[in-house]
Amino acid sequence: MEGFLTRYRWLLERIERVERTMVISLLAIMVGCIFGQVVSRYLFGLPLVWVEELSTYAFIWGVFIGASLGLKKKRHIKILSFVSRLSVSRQAVFLAVTDAMITLFCLILVVNGFKAMTLFEWSQRTIALPVELPRVLFYSTPLILGAASMALTAAHDFLGILFARRQVGSEGTEVSR
Amino acid sequence: MILALLFLVFLGLIAVELPIAFALGISSICYLLLEGRTPFVIMVQKMTSGLDSFPFLALPLFVLAGNIFSRGGIAQRIFNFARAIVGHIYGGLAHVNVLASMIFAGMSGTAQADAAGLGIIEIEEMRRDGFDPAFAAAVTAASAIIGPIIPPSVIMVIFAVMTEVSVASLFLGGFIPGVIMGLSLMAMIYWLALTKRVNAPRLPRQSSRVVWQTFFGALPALVAPIFLVGGMLMGVATPTELGAIVVVYGIVLGFLYKELTLRELKDIFVESAIVYGILVFIISIAFPFGWLVAINKVPAIVAQWMLSLTSNKWMILILINIVLLFAGCFMETTAILVISVPVLFPLATKLGVDPVHFGLIMVVNLLIGTCTPPFGIALFITMQIARVPFAAIVRAILPFLIPLIGGLLIITYLPQVVLFLPGLLK
């Protein structure tokens, strides 16, 4: 099991690197496009209609990839309760249960993401982009990829607690805006 | 009945420290399982289609702007300028702390960008000057929540997207209330210092040369909020566009002052993406949750119940204030927002409360919740920076709850305070 988990972790690190590059590019697209649009409107009198659509799609992609990175960094917002006051081994029980729930929930999202693709979205197209693309690429696809990656992460943490008895402890809460 | 279960499961999952996003999602799925008529796929569909909204993009942009501006240089310059202006008043650096937060609020959209960037400088300087660290932490927490009241504001963007209220109106609506709350905090500090309830060393009055010097140092930072509010008032650009401009401005400034490297910039991008991804992921799961609440006519039931108590609009608003303040003691801001908006917003509009006014009431209410024990995120952040025990910061924050709640009451009962600036838009 230890060898499997090591390889598993290697895979997750690879995914994390890809996700980092992705979110940097996505945010750069949002900033660049919207800024470029303002410049183009005021300096050249040319409003670019497709910019809003493109940057909104970058935004949706960024949500799910960012949330997935957040799960890897254990940054998802939770409220500390009695659990964090328990001994480490008792906490591990709760952590294993919550990791299992996250895995299950994300798998449900993946399955239903595919359903949403086939049921609604194949017929929908982008509106203003210079090339017409199926909307699936910007709705269900990021959701499926993000959820799949989160399921992988949570499943890894679950297995880690179960088999490797890794040292676990409570992380701090995260802050919302 | 099954709906009560939805809330119970949600609270149960929160209690075992499942992250809020997943607690919302799993309780929604439990509900759908029991109800048995609606397919899960609706949930996925509501999650993504709700995100397809251009005003929503203001959120990542202002998270990014806050993270860029909170890096060392700019925050320090704002602090120096504030010290030169108000450092000599009774209360010394405590006033500086509030004023610096108010100025910084004009660029940053989240309380934690304030607490984490500026807060470290503020608390360190106050400690060095002989302030009680617990008092320093409390002032920093109380003033940090002004950040999301003065525009820009991430929490207002969330409210706007959930209710389809204009982001620009909400932003402008927050400006005067934010200034009022800052001034009332300063009044409380002045009184505490004057009556010697806290030890607050005063600084010597600065010469006008120093004031001008620090003013020019802070000028790049002072320009941003004026530009932002002016830009919205004159309709030059949408809040989202202004967000992108502020980000580019911050990056250019960072490179000009040689305070930013490409490597750091990448890290800021990743950090901002994590913050906004987590936040908006919660909202996206809150869309189906809110939809379930709406189709079960919960807003109507709550409205009926509240109206059976009183039909007076102002009484109901105070009731909402109390409920939200109470919830804020135990729950996290975003969680309360996504649960309560679908229930309370229809009620408020039915009573004839202006949507922008109601937005401000909710936002300020929830932000005060970040400063109330036992669960106050702003307190947790600043107590860690100041390295003081929780009990100490709780004692120190108590007097500041008076001006904060006083500010909330002004906002609630004098809608004109909120609605004056947005009114200029039309």
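1. Basis of the values. In this predicted model local features need pLDDT of at least 70 and side-chain atom pairs count only at pLDDT 80 or more, whereas totals for chains, interfaces and linings use all residues. Residues are numbered from 1 along each chain as its sequence is written, chains are lettered from A and ligands numbered from 1 in the order in which they are written, and side-chain values use heavy atoms, with hydrogens and water left out.

2. Extent of the interface. On the side of chain A, 63 residues are in contact with 70 residues of chain B, contact being taken as heavy atoms within 4.5 Å. The area buried between the two chains is about 5,800 Å², and carbon and sulfur atoms give 78% of that area; buried area here is the accessible area (1.4 Å probe) that two parts lose on being put together, summed over both.

3. Between chain A and chain B the rule finds 13 residue pairs in polar contact, both residues being at pLDDT 80 or more. A polar contact is a pair of N or O atoms within 3.5 Å, where within protein one must be able to donate a hydrogen and the other to accept it, and where residues adjacent in sequence count only if both atoms are side-chain atoms. The elements of chain A that give two or more residues to the side touching chain B are helix H1 (2–43), helix H2 (50–72), helix H3 (88–119) and helix H4 (140–164), with helices taken as DSSP runs (H or I, at least four residues) numbered from the N terminus. The largest share of that side, 15 residues, comes from H2(A).

4. Nonpolar cores. The largest nonpolar core has 222 residues, and those with the most contacts inside it include A:Phe59, B:Phe56 and B:Phe281; helix H13 (residues 262–295) of chain B gives the most to this core, with 20 residues. Such a core is a set of buried Ala, Val, Leu, Ile, Met, Phe, Trp, Tyr and Cys residues joined through side-chain atoms within 4.5 Å, where buried means under 20% relative accessible area, exposed over 50%, and partly exposed in between (1.4 Å probe, protein chains only). Leaving aside its neighbours within four places in sequence, A:Phe59 is in contact with A:Met30 and, among others, with B:Leu51, B:Phe56 and B:Tyr276.

5. Over all chains the count comes to ten salt bridges, each a side-chain nitrogen of Lys or Arg within 4 Å of a carboxyl oxygen of Asp or Glu, and three are found across the interface of chain A and chain B. In one salt bridge B:Glu271 pairs with A:Arg75, the closest N and O atoms being 3.0 Å apart. B:Glu271 is partly exposed, at a relative accessible area of 30%, whereas A:Arg75 is buried, at 18%.

6. Two bridges in chain B. The side chains of B:Arg37 and B:Glu35 meet in a salt bridge (3.5 Å, N to O), in which B:Arg37 is exposed at 69% and B:Glu35 is buried at 16%. B:Glu124 and B:Arg127 also meet in a salt bridge (3.8 Å, N to O); being three residues apart in helix H7 (residues 111–128) of chain B, they are separated by about one helical turn.
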